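Work through the exercises below with the sequence and the model open. Each task is followed by a solution in steps.

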Amino acid sequence: MIGAPSGTAPTGDAWIEIENVTREFAVRGAGRGAGARSIAAVQDVSLRVARGDSIALVGTSGSGKSTLARLIAGLDRPTAGRVRYAGRVVDPAARDWQSGRHRMQMIFQDPAAALNPRHRAGAILAEVSEFGRGGDGRHASAEDIDAMLARVGLSPADREKFPHEFSGGQKQRLSLARALAAEPDTLLADEPLSALDVSVQAQILALLHDLRQERSLTLVFVTHDLAVVPHIAERLAVMAGGRIVEEGPVDRIFADPSHDATRRLLAAARRGSTGGPKTGIL
Amino acid sequence: MTFARGGESVRPVDGISLALQERECLVLLGESGSGKSLTALSTLRLEPRNATLSGTIRYEPRALDLLSAEPATIRSVRGSGIAMIFQEPMTALNPVLRCGEQIAEGIRLHASAGTRDANARTLALLEEVGMDDPARVAGQYPHELSGGMRQRVLTALALAGDPKLLIADEPTTALDVSTEQRILDLLLRLRDARGLAILMITHDWGVAAAMADRVSVLYAGQVVETGSAGDVLREPKHPYTRALHGAVPRLDRHAAAPVPIPGQVPEPGAFPSGCRFHPRCARAITACAEREPALLAGGTRTVRCDVENGVTS
């Protein structure tokens with residue numbers, strides 16, 4: 001296992017198991033005459049997440065964290081290695097993966113990406129909740145929909161609204177309600193706070209926290225901001241250059257970071273979360 | 001700033017007063033809908049076409065009021081008096097021109113420099129914004145550069161007219177935390193070296209803490225608190241500034257979780273009566289819904305809150 005200290009990996013059954021996963025992308029060389037080559041956005045990554053755990057994937061842009069999240073969700077296929085989820089190999093092409101994939105839901109930085117702009121909020125939730133019940137074809141009742149809206153702090157009046165009628169924070173709530181409508185056991189959140197105002201970020205963070213208490217949701221939380229990590233995750237995996245360079249309990253890594261990339265992220269986050277005086281001027 | 005919208009007038013910027021000194025960085029701290037970007041654009045008279053401005057925008061180096069000045073005068077202030085950099089440098093740079101050509105064009109526009117002079121100054125500017133290999137960058141197109149490099153090129157372009165005031169509208173929001181730090185360091189260095197005044201627009205408490213000499217906190221089109229960075233960011237007085245501070249996640253594992261501010265930022269046109277923050281405010285009393293609080297000075301700080309200021313009818 002590259003970089004990940006093996007002693008810190010959970011020893012129980014892994015709910016999500018990533019084994020030596022690599023994802024290469026072909027790139028056309030910039031400029032004159034350079035031939036095609038490939039870069040590895042994710043390189044030989046192994047990681048185990050136990051059921052009910054919350055792990056943060058942290059790194060700068062280009063570190064591979066979003067690509068890894070997409071591989072876990074089965075939105076993309078690894079070039080090498082494999083991802084298992086609930087004991088099955090994640091493969092977008094495999095029939096038996098398709099049948100159970102709604103148990104793993106994803107929310108994104110731009111909540112609108114997951115919301116059909118021509119459907120009202122109620123219709124969006126009703127459609128997804130059918131999967132949650134195993135596609136029984138029964139329509140969710142108005143009460144069901146209202147309960148889904150209430151769970152994320154939206155009101156029954158929001159049922160008839162189109163996505164564009166919601167503010168950014170409300171849209172993220174709706175996209176979370178949409179994900180929860182499928183009754184997932186696992187939630188992948190890719191920078192869900194980045195596009196939101198600070199006051200609204202804290203609302204979504206609190207909501208995710210409560211949801212984890214209510215149901216034993218396994219959470220993979222992708223972020224560039226270490227400051228939110230202690231408030232959402234118990235475990236932390238730091239990515240740099242497509243690899244996991246450090247992995248373990250949040251407490252330990254915050255107290256004693258072992259990799260430079262982690263130290264740099266910590267320093268940046270420390271500056272961001274203090275209301276202190278100006279940092280030194282060059 | 002007033003917009004006419006369906007027979008009603010909407011005022012997203014409502015009575016904002018700011019003053020900047022030479023070699024000073026004033027940070028406008030606010031969330032979306034606070035009016036911070038519209039305020040910045042107005043300073044350059046780049047307000048939306050359908051907006052009406054009232055008040056004054058004094059540019060002291062030339063004793064001008066930009067609100068009543070002729071269009072030609074305003075144009076002459078843009079770039080050589082006041083310049084601006086944006087969140088997404090790609091939208092401000094010409095994608096089909098090499099970086100060097102764009103900067104040289106800016107130099108020729110503001111000074112009557114010959115081609116050779118302009119090229120030499122271009123390289124000097126690229127060096128000033130921290131490029132290791134100015135000649136190489138000058139020959140590259142914007143898409144060939146990383147986000148941080150692009151922001152440096154845009155900054156060099158903004159400096160082409162030798163401005164006195166640089167307006168920076170969320171210049172690091174699209175950047176990584178480590179790149180962000182380097183761009184902020186660059187801006188502070190330019191402030192010191194050139195005596196540049198900087199009006200920095202941000203929603204980010206950390207950016208404000210890193211940059212500001214003084215801070216003005218905006219909420220729903222108004223300034224709610226102004227003061228030195230040390231005062232406002234360390235001991236915020238306005239309930240909104242305090243709540244914003246409480247909503248910023250702390251890095252410390254044992255720190256309290258960030259506290260959400262209930263409700264939403266109100267939309268322009270739907271600002272609440274009385275104090276605009278009162279529906280979300282933990283300290284609000286009945287009077288807050290009825291009476292619009294004044295921005296009152298206490299020492300070096302001004303706060304727009306009747307409860308904090310001890311104003312009774």
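Helices (H or I, at least four residues) and strands (E, at least two) are DSSP runs, numbered from the N terminus. The model is predicted.

**Exercise 1. Trace the salt bridges of Arg194(B) to Glu128(B) and Asp162(B).**

Step 1. Side chains of opposite charge can pair when their charged atoms come close.

Step 2. Take Glu128(B). It forms a salt bridge with Arg194(B), and the closest N and O atoms are 2.6 Å apart. Glu128(B) lies in helix H5 (residues 115-128) and Arg194(B) in helix H8, both of chain B, so the pair ties together parts 66 residues apart in sequence.

Step 3. Take Asp162(B). Its side chain meets that of Arg194(B) in a salt bridge of 3.1 Å, N to O. This pair links distant parts of the chain, 32 residues apart, with Asp162(B) in the loop between helix H7 (147-159) and E8 of chain B.

Step 4. Check accessibility. Arg194(B) is partly exposed at 26%, Glu128(B) is partly exposed at 27%, and Asp162(B) is partly exposed at 40%.

**Exercise 2. Which salt bridge does Arg77(A) make, and what parts of chain A does the pair link?**

Step 1. The side chains of Arg77(A) and Asp91(A) form a salt bridge at 3.4 Å, N to O.

Step 2. Arg77(A) is in the loop between H1 and strand E4 (80-85) of chain A, while Asp91(A) is in the loop between strand E5 (88-89) and helix H2 (95-100) of chain A; they are 14 residues apart.

Step 3. Arg77(A) has 46% relative accessibility, so it counts as partly exposed.

Step 4. Elsewhere in chain A, Glu19(A), Arg82(A) and Arg84(A) are linked in a network of salt bridges. Over all chains the structure has 27 salt bridges.

**Exercise 3. Describe H1(A) and the residue just after it.**

Step 1. Helix H1 of chain A spans residues 65-73, and seven of its nine residues are buried.

Step 2. The buried residues are Lys65(A), Thr67(A), Leu68(A), Ala69(A), Leu71(A), Ile72(A) and Ala73(A).

**Exercise 4. How do E9(A) and E10(A) pair?**

Step 1. Strand E9 (residues 235-240) of chain A is joined to E10(A) by six bridges, and the two run antiparallel. Leu236(A) stands opposite Gly248(A) in E10(A).

Step 2. The two strands form a hairpin with two residues between them, and Gly241(A) in the turn has a positive phi of about 55°.

Step 3. E10(A), residues 243-249, is mostly covered, with five of its seven residues buried.

**Exercise 5. Characterise the interface of chain B and chain A.**

Step 1. Count residues: 45 of chain B are in contact with 40 of chain A.

Step 2. The two chains bury about 3,400 Å² between them, 53% of it on carbon and sulfur atoms.

Step 3. Between the chains there are zero salt bridges, but nine residue pairs are in polar contact, both residues at pLDDT 80 or more.

Step 4. The elements giving two or more residues to the chain B side are H8 (177-194), H9 (205-211), H10 (229-234) and H11 (239-247) of chain B. H8(B) gives the largest share, 10 residues.

Step 5. By class, this side has 24 nonpolar, eight polar and 13 charged residues.

Methods
Residues are numbered from 1 along each chain as its sequence is written. Chains are lettered from A and ligands numbered from 1 in the order in which they are written. This is a predicted model: local features need pLDDT of at least 70, side-chain atom pairs count only at pLDDT 80 or more; totals for chains, interfaces and linings use all residues. Side-chain values use heavy atoms; hydrogens and water are left out. Contact means heavy atoms within 4.5 Å. Buried area is the accessible area (1.4 Å probe) that two parts lose on being put together, summed over both. A salt bridge is a side-chain nitrogen of Lys or Arg within 4 Å of a carboxyl oxygen of Asp or Glu. A polar contact is a pair of N or O atoms within 3.5 Å; within protein, one must be able to donate a hydrogen and the other to accept it, and residues adjacent in sequence count only if both atoms are side-chain atoms. Ala, Val, Leu, Ile, Met, Phe, Trp, Tyr, Cys and Pro count as nonpolar, Asp, Glu, Lys and Arg as charged, and the others, Gly among them, as polar. Buried means under 20% relative accessible area, exposed over 50%, partly exposed in between (1.4 Å probe, protein chains only). Two strands pair if DSSP finds at least two bridges between them.
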